[in-house]
Amino acid sequence: MEAGAALNDKGADIVADDKSQDDSLVEAIRAVAKVPSQRKVSYAIPCASEFRDRVSELAERRNVNVGDIARSVMLTLPEEVIDSVSDPGEPDLEDRETIILKSGPSAGKPWRRKPRLQVRMPAGYDMVTIRKALALALKLDDGTLTINLDDPSLPKKSEQAEMDREQIIRLHTIITAMSFDLLKGGVQTHEEALYVLGFPPTARPTMDEVKQRFRLMATIHHPDSELGGHERMAQLNDAISLLRRTIL
């Protein structure tokens, strides 16, 4: 019995320890939930009626809420870009909306107030920044503002175009230097045909090898190519025609 009692006591200790760990985990989760940056709050952003309507229409068209739009801009663009945008500002004195109060002593009575956007976002943002972010979203939507997603570590398009042009010039120079000299009398002999196609005079290529070399050189010297020309292409045609007759 004593052994059994000792076992039961030990088991009770284990259960107590597990419960203590669970309580600690619950408290940790509650603590995170209370962090201001994680807790969403509702912002009432005063703005002009036109601005409110455009933002609301954008949110409805994209099937998101206004907070999603503002948050997306803030996550995409640097703070300095958002800060540099002009604040759309609060509505003019004449720009007011009428609502019916739903609670309190004045419930059921009309009340004129500034137009506003209800934005639900994590706590800690100021209304001006949110308003600027929404203004940027409208500019992106109507095309008056674009985002450049080029990798800053890569050359700009103009620089890349110049590099490509210089590369083409270098390739043109190399190919011209390595191209066969035109035969003044045209391709007359088997050896001259081999020379035009880049084979040494003593080579004994098969017809398949000749065709493969011809296709390669034709891509370079064809008149439609930027590096090609009629004269070299004509001698390539003469060379393969001659070799078709002389290679058994």
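This is a predicted model: local features need pLDDT of at least 70, side-chain atom pairs count only at pLDDT 80 or more; totals for chains, interfaces and linings use all residues.
Residues are numbered from 1 along each chain as its sequence is written, and side-chain values use heavy atoms, with hydrogens and water left out.

**First stop: the largest pocket**

Select Leu58, Arg62, Ile69, Ser72 and Ala137. Of the 13 lining residues, these are the closest to the centre of the largest pocket. A pocket here is an open set of points on a 1 Å grid over the protein atoms alone, where a 1.4 Å probe fits, with protein on both sides within 12 Å along at least five of seven lines; lining residues have an atom within 4 Å of a point. The space inside is about 230 Å³, counted as that filled by probe spheres set on the points, which are joined across faces, edges and corners.

Now colour helix H3 (66-76) and helix H5 (127-142), each of which supplies at least two lining residues. H3 has the largest share, with five. Helices are DSSP runs (H or I, at least four residues), numbered from the N terminus.

By class, this lining has eight nonpolar, two polar and three charged residues. Ala, Val, Leu, Ile, Met, Phe, Trp, Tyr, Cys and Pro count as nonpolar, Asp, Glu, Lys and Arg as charged, and the others, Gly among them, as polar.

**Second stop: the second largest pocket**

Next, select Ile175, Met178, Ser179, Phe180, Tyr195, Val196, Gly198, Met217, Ile220 and His221, which line the second largest pocket. Its volume is about 190 Å³. Helices H6 (157-178), H7 (190-196) and H8 (207-221) each give two or more residues to this lining, and H8 gives the most, three. Here you will find seven nonpolar and three polar residues, but no charged ones.
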